[in-house]
Amino acid sequence: MFRVAIIGLGAVTRNIHLPAYSQLKDKVSVIAGCDVDSTTRTFMKRKWHLPEVYDNPQEMIEKTRPDIVSICTPPSLHHEQSLMALDSGCHVFCEKPLAESLYQADEIIKASERSGRLVVVNNQFPYMNIYRSSKALIGSPEFGRLLFLHAWQTFHPTEQTEASWRGKLQRRLCFEFGIHVFELIRFFFEDNPVKIFAHMPNPKSETPSEVVNIISVEFSDGRAASIVLDRLSKGPERYLDMRLDGEFASIYTSIGGEIRFEMGLHARERRPFLGFNFVKGGKAVLQNGNRSKIIARDGINPFASATAAHFKNYIEAIENGREPRGHARDNRNTLALALTAYDAAQANKAIEMAHYFKNSNG
Ligand SMILES: NC(=O)c1ccc[n+]([C@@H]2O[C@H](COP(=O)([O-])OP(=O)(O)OC[C@H]3O[C@@H](n4cnc5c(N)ncnc54)[C@H](O)[C@@H]3O)[C@@H](O)[C@H]2O)c1
């Protein structure tokens, strides 16, 4: 049984980590939690039955001696708290983004190597059914090689979404959300891009961070990806849509519940169509012109089930002494993409990636 202690008992702990650990209750037991906010501590002890709660992470680790510390605090604390947990001899399961800079990420990697403890980052999207099934089709006779990927999000910020630390971030879209998209791009292309260009306008100038990200990604063999993250649009919200264009077909994926009744006419073929779609957490659809078939669906909380699969792989890797998907050295390359996008936007030119993939600690 792996004994897990959690630092930060906010939304991601309640909505993703605790539901994920409860799917693994034969192997994982949550022994304690820590939060600086006393109302949150009381709430988590009473309503979520956390066995012990602390206001100080170091004290929690010293008193409870967990095997794994899960770090679920705002990104600015991930570096300091990962180092502290590693120095105390614990493995670390850190929420994304791993750190605020590549230098900090490299310090975490070094501490992980020094202590012999495994750090894994919860960029869990590749474990969702819709992405696993899409990946399985790449290279098949039906789909062929993946040539181009386009990802887009339309999100309406509200007072609630901007409350607390998120509303204060200067680097917001690509750093906090886009990092999931970069992880998926690396997962699908099985390669690191060579060049990135980004434009991050803020036409309303009301927020400290950007509100639109337009990003273009190039691979050495001419394949490419583009990302549009849009927090200005008043159109329907789309949490994350993607289209993967292969040699012989395309795959469309979407996350987010929908119930849709469709009726219309395929103009070119003058053929009417009628459809009713009920998709809870997400779907992946194989498309060829107007022909399409659903290849995978996800349940109501794909974030938690993907985290459960990711965490299971992580603890098996600890048992077997191997490096699982999302370990810090690998995830550093995903962080490098997000950070380079900001550099490209600031410099207003395409940036070569090679330099960013080199470890800053030599
Ligand atoms: N992987 C995913 O799908 C996913 C989804 C949502 C959020 N996240 C990530 O999870 C992290 C937390 O996000 P959230 O939405 O839960 O934020 P949140 O604000 O809801 O929760 C953060 C909690 O940390 C506590 N905290 C702050 N400073 C602390 C300290 N020094 N010690 C202990 N506790 C402290 C706060 O009181 C708060 O309860 C972020 O890095 C975010 O990017 C990941």
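**View 1. The ligand takes up the space of the largest pocket.** The model is predicted; local features need pLDDT of at least 70, side-chain atom pairs count only at pLDDT 80 or more, and totals for chains, interfaces and linings use all residues. Numbering runs from 1 along each chain as its sequence is written, and side-chain values use heavy atoms, without hydrogens or water. A molecule sits in a pocket if more than half of its atoms lie within 2 Å of the pocket's grid points. A pocket is an open set of points on a 1 Å grid over the protein atoms alone, where a 1.4 Å probe fits, with protein on both sides within 12 Å along at least five of seven lines.

**View 2. Lining of the largest pocket.** The pocket holds about 1,300 Å³ of space. Its lining has 46 residues (an atom within 4 Å of a point). Ala11, Val12, Trp165, Arg166 and Glu176 lie nearest the centre. Two or more lining residues come from each of α1 (11-22), α4 (78-87), α7 (159-162) and α8 (173-189).

**View 3. Shell around the ligand.** The shell counts 24 residues (a heavy atom within 4 Å). Val12, Asp35, Lys96, Trp165 and Glu176 come nearest. α1 gives the most, with three residues.

View 4. Ligand oxygen atoms lie 2.9 Å from a side-chain N or O atom of Lys96, 3.0 Å from one of Gln124 and 2.9 Å from one of Arg166. Alone, the ligand exposes 850 Å² (Shrake-Rupley, 1.4 Å probe). The protein buries 83% of that.

Key
Grid points are joined across faces, edges and corners, and a volume is the space filled by probe spheres set on the points. Helices (H or I, at least four residues) and strands (E, at least two) are DSSP runs, numbered from the N terminus. A polar contact is a pair of N or O atoms within 3.5 Å; within protein, one must be able to donate a hydrogen and the other to accept it, and residues adjacent in sequence count only if both atoms are side-chain atoms.
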